[in-house]
Amino acid sequence: MIRSLWPLHRTVVRAVERELMGTGVTAGQHAVMDELRRGGPRTVPQLARLLGLDRQPVQRLVNDATALGLAESAPNPEHRRSRLIRLTQKGEVIIRGIQEAEEAELRRRLSDLTAGDVTTALHVLRRLGEEFKDLAQDAPPHPTDRGDDPR
């Protein structure tokens, strides 16, 4: 199962990129917009944690989405210097349309899966995520995380 995750991830990203052609939205922006649509306004560090990414690439995705008029920053009542990122009305309309099309396509293609199949798959993936998160926290930093040249 674990060996299947890398190729699956790459295939999903390629499929999402293909479906996004012509929308002006990248797969990374899609992930950020999805998180904002599901959870509401977030700070960049919160988005980064939720997406399992470093803050800097998420900041670039947010900047790009902002430049396209899909997201905007707003004051954060809990922290003066850390702004909240939220979808604009245009961003909300675009991500909703993309997600509705994705959902319809997946329902059509995966109609043979039962609700129990999906529940079991989600359970297994969440458990794997928990365990690997623990393993990653216990692991020494990768040389590239420290800026060392591994050569």
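Helix axes are taken here as lines fitted to C-alpha atoms over the stretch in contact, with angles running from 0 to 180 degrees between N-to-C directions. The model is predicted, so that local features need pLDDT of at least 70 and side-chain atom pairs count only at pLDDT 80 or more, whereas totals for chains, interfaces and linings use all residues. Residues are numbered from 1 along each chain as its sequence is written, and side-chain values use heavy atoms, with hydrogens and water left out.

The chain contains six helices and two strands, assigned as DSSP runs numbered from the N terminus (helices, H or I, at least four residues; strands, E, at least two). Along the sequence these elements follow the pattern α-α-α-α-β-β-α-α, and the C-alpha atoms fill a box of roughly 45 × 45 × 35 Å along the principal axes.

Helix α2 (residues 27-39) and helix α5 (residues 89-109) have axes that come within 10 Å and cross at roughly 100°. That angle makes α2 roughly perpendicular to α5, a term applied to angles of 65 to 115 degrees. On the α2 side, His30, Met33, Asp34 and Arg37 meet Gly91, Glu92, Ile94, Ile95, Arg96, Ile98, Gln99 and Glu102 of α5, contact being defined by heavy atoms within 4.5 Å. By class, this contact of α2 with α5 has four nonpolar, three polar and five charged residues, where Ala, Val, Leu, Ile, Met, Phe, Trp, Tyr, Cys and Pro count as nonpolar, Asp, Glu, Lys and Arg as charged, and the others, Gly among them, as polar.

The axes of α2 and helix α3 (residues 44-51) come within 11 Å and cross at roughly 105°, which makes α2 roughly perpendicular to α3. Ala31, Val32, Glu35 and Leu36 of α2 make this contact with Leu47, Leu50 and Leu51 of α3, and the residues of the contact of α2 with α3 divide into six nonpolar, no polar and one charged.

Glu35 also forms a salt bridge with Arg38, with the closest N and O atoms 2.9 Å apart; such a bridge requires a side-chain nitrogen of Lys or Arg within 4 Å of a carboxyl oxygen of Asp or Glu. Because Glu35 and Arg38 are three residues apart in helix α2, about one helical turn separates them. Eleven salt bridges are found in the whole structure.

Key. Parallel < 35°, antiparallel > 145°, perpendicular 65-115°, else oblique.
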